[in-house]
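This briefing goes through one protein model, topic by topic. Please keep the sequence and the coordinates open while reading.

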Amino acid sequence: MDYNSGAASALTMKPKDSTTARILVADDQQDVREALRLLLKGEGFAIDAAASPGAVLEAAKTKEYDALLIDLNYTRDTTSGREGLDLLARLLALDSTLPVIVMTAWGSVDVAVEAMRRGARDFVQKPWDNPRLLAILRTQVELGRALRRGQRLEAENLVLRGEGGPRLIAESAAMRPVLELIQRVGPSDANVLITGENGSGKGVTAQALHAVSRRSTSPLVTVNAGGFSEGVFESELFGHVKGAFTDARADRVGRFELADGGTLFLDEIANLPPGLQAKLLRVLETGEFERVGSSRTRKVDVRIVSATNADIAAEVATGRFRQDLLFRLNTIEIHVPPLRERREDIPILARHFLTQHAARYRKSLTGFDDSAMRALLEHRWPGNVRELDHAVERSVLMGSGPLLSTSDLSLRAAADGHPSLEEMSLEEVESFLIRKTLARHNGNVSQAAEALGLSRSALYRRLQRYRL
């Protein structure tokens, strides 16, 4: 049988995308695979070959292909196409954007039509016509790449708008006031202060507020108020002009401008340096600011949502936080309860994280056994929802399925009743190390800062953050 008919008239047009298209060819016959390899290689494609459905699946899991050209029958003397249809379903379950073109023997058009109905992009009959085969492949490569580009752009837009992050999952009585406040004040432009422990879900609450607001089609821009030094943070918030300082090699747009028309989420607001508190207050009062190094006044329309795990009233009482700024920030205050006060949500949160991480790591896991669920419900969760997420992710990696067990979870408490380091959030570990270092140096901040590899000012900021 001649598998190279029409070679003289084969198309020579290359895909519009200059990146070499990688094709996986699958057939149980060596001469078919070799004929396709020679044809497609000569047309500029990169080719991998597989002889069985198992080899196809293994290749699709380990490499990214622009298209797959697969036979529908892999057992000698069979024409039902069942093996190929099953393989098609498993491939599309791995990646729904993957262009799969099926090959079938002459006279098996009904099987090919069924494959198209199940998601195949096109089909060719054996012996194939080279120009038609090449035209189909190039078309499907371009369509597949366009679909993937579109999905990436959509994901980037969702992240920019704050809609691509974690969902607010809550059914417990303790969370009802939170949900009610989100629905009532979310559509307004009122500034909201979200309080709660580390990892309790303040960021997700901010996303939910933005999602139900009239600004939901505009950006949700997040900035960690405790993550920068005062000079850097001013540039982050307000932007700078070229030459404003040593490393200012070009103009830069600040977070306020990026959030114009949308929402600016200021996380860990209690850690905002005193000098910046006055500047932030001015922007909240007037909507006006200047980029660092510029005298030009700019005006923005931004809703402020802020969050803190600190006792903000105590910060005001000690003079570390401006009372007039607090009044501007907490038109409405929403307190997110810790996970230990909303234990009814643990099962649904755990199952949500299990589904998420099982898909990410391609593990066939369906749930938790009874002992594992009891362990989840009884654990104290000092790191709250964030710790639960990390614990489930670790168990997904360790579990052999289909149900996760207590040993997979590896939830261990310290002998003194305090959480172990692996149970702590990053902030809790940092606070713990600072306390230990200060104790070792009898409270000497300079010596402790040197031992921790921090400047005195950086250590002082952390002492304020953790109220030490």
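The model is predicted. The protein has 468 residues, of which 47% are buried. Its secondary structure comprises 19 helices and 16 strands. Of the contacts between residues at least 6 apart in sequence, 71% link residues at least 24 apart.

**Sheet with strands E1 to E5**

- Five strands form an open sheet with parallel pairing, in the order E2-E1-E3-E4-E5.
- Strand E2 (46-50) and strand E5 (122-126) are the edges of this sheet, each pairing on one side only.
- On average, neighbouring strands here are turned by 20° against each other, with direction ignored.
- Strand E3 (residues 67-71) runs parallel to strand E4 (residues 100-105), and 4 bridges connect the two.
- Within this sheet, the residue opposite Ile-70 is Val-102 in E4.
- Helix H2 (residues 53-62) lies across E2, E3 and strand E1 (22-26), and its direction is at about 165° to E1.
- Helix H3 (residues 82-94) also packs on the sheet, where it touches E3 and E4 and makes an angle of about 160° with the direction of E3.

**Sheet with strands E6, E7, E10, E13 and E14**

- A further open sheet of 5 strands, with parallel pairing, has the order E7-E10-E13-E6-E14.
- Its edge strands are E7 (220-224) and E14 (332-335), and each of them pairs on one side only.
- E7 and E10 run parallel and are joined by 5 bridges; Val-223 is placed opposite Leu-266 in E10.
- E10 in turn pairs with E13 in the parallel sense over 4 bridges, and Phe-265 has Val-305 in E13 opposite.
- Strand E6 (residues 192-195) is parallel to strand E13 (residues 303-308), with 4 bridges between them; Thr-195 has Thr-308 as its bridge partner in E13.
- How many of the 5 residues of E10 are buried? The count is 4, so E10 is largely enclosed by the rest of the structure.

**Helices across this sheet**

- Helix H6 (residues 176-185) lies across E6, E13 and E14, and runs at about 150° to E14.
- Helix H7 (residues 202-211) lies across E6, E7, E13, E14 and strand E10 (263-267). The direction of H7 is at about 150° to E6.

- Helix H9 (residues 255-258) contains Phe-256.
- Is Phe-256 buried or exposed? Its relative accessibility is 2%, and the cut-off for buried is under 20%, so Phe-256 counts as buried.
- Setting aside neighbours within four places in sequence, the contacts of Phe-256 are Leu-237, Phe-238, Leu-264, Leu-280, Val-283, Phe-289, Val-300, Val-302 and Ile-304.

**Cavities**

- The model has 2 cavities of 30 Å³ or more.
- The largest cavity holds about 50 Å³ of space. Its lining consists of Ala-270, Asn-271, Ala-310, Glu-315, Arg-461, Gln-464 and Arg-465.
- By class, this lining has 3 charged, 2 polar and 2 nonpolar residues.
- Which helix gives the most to the lining of the largest cavity? Helix H19 (residues 456-465) does, with 3 residues.
- The second largest cavity has about 40 Å³ of space. Ala-270, Asn-271, Leu-272, Pro-274, Gln-277, Glu-315, Arg-320 and Gln-464 line this second cavity.
- The lining of the second largest cavity divides into 3 nonpolar, 3 polar and 2 charged residues.
- Ala-270, Asn-271, Glu-315 and Gln-464 are found in the lining of both cavities.

Terms used:
Residues are numbered from 1 along each chain as its sequence is written. This is a predicted model: local features need pLDDT of at least 70, side-chain atom pairs count only at pLDDT 80 or more; totals for chains, interfaces and linings use all residues. Side-chain values use heavy atoms; hydrogens and water are left out. On a 1 Å grid over the protein atoms alone, a cavity is a set of points where a 1.4 Å probe fits but cannot get out, and a pocket is an open set with protein on both sides within 12 Å along at least five of seven lines; lining residues have an atom within 4 Å of a point. Grid points are joined across faces, edges and corners, and a volume is the space filled by probe spheres set on the points. Ala, Val, Leu, Ile, Met, Phe, Trp, Tyr, Cys and Pro count as nonpolar, Asp, Glu, Lys and Arg as charged, and the others, Gly among them, as polar. Two strands pair if DSSP finds at least two bridges between them. Axes are lines fitted to C-alpha atoms, for helices over the stretch in contact, and angles run from 0 to 180 degrees between N-to-C directions. Contact means heavy atoms within 4.5 Å. Buried means under 20% relative accessible area, exposed over 50%, partly exposed in between (1.4 Å probe, protein chains only).
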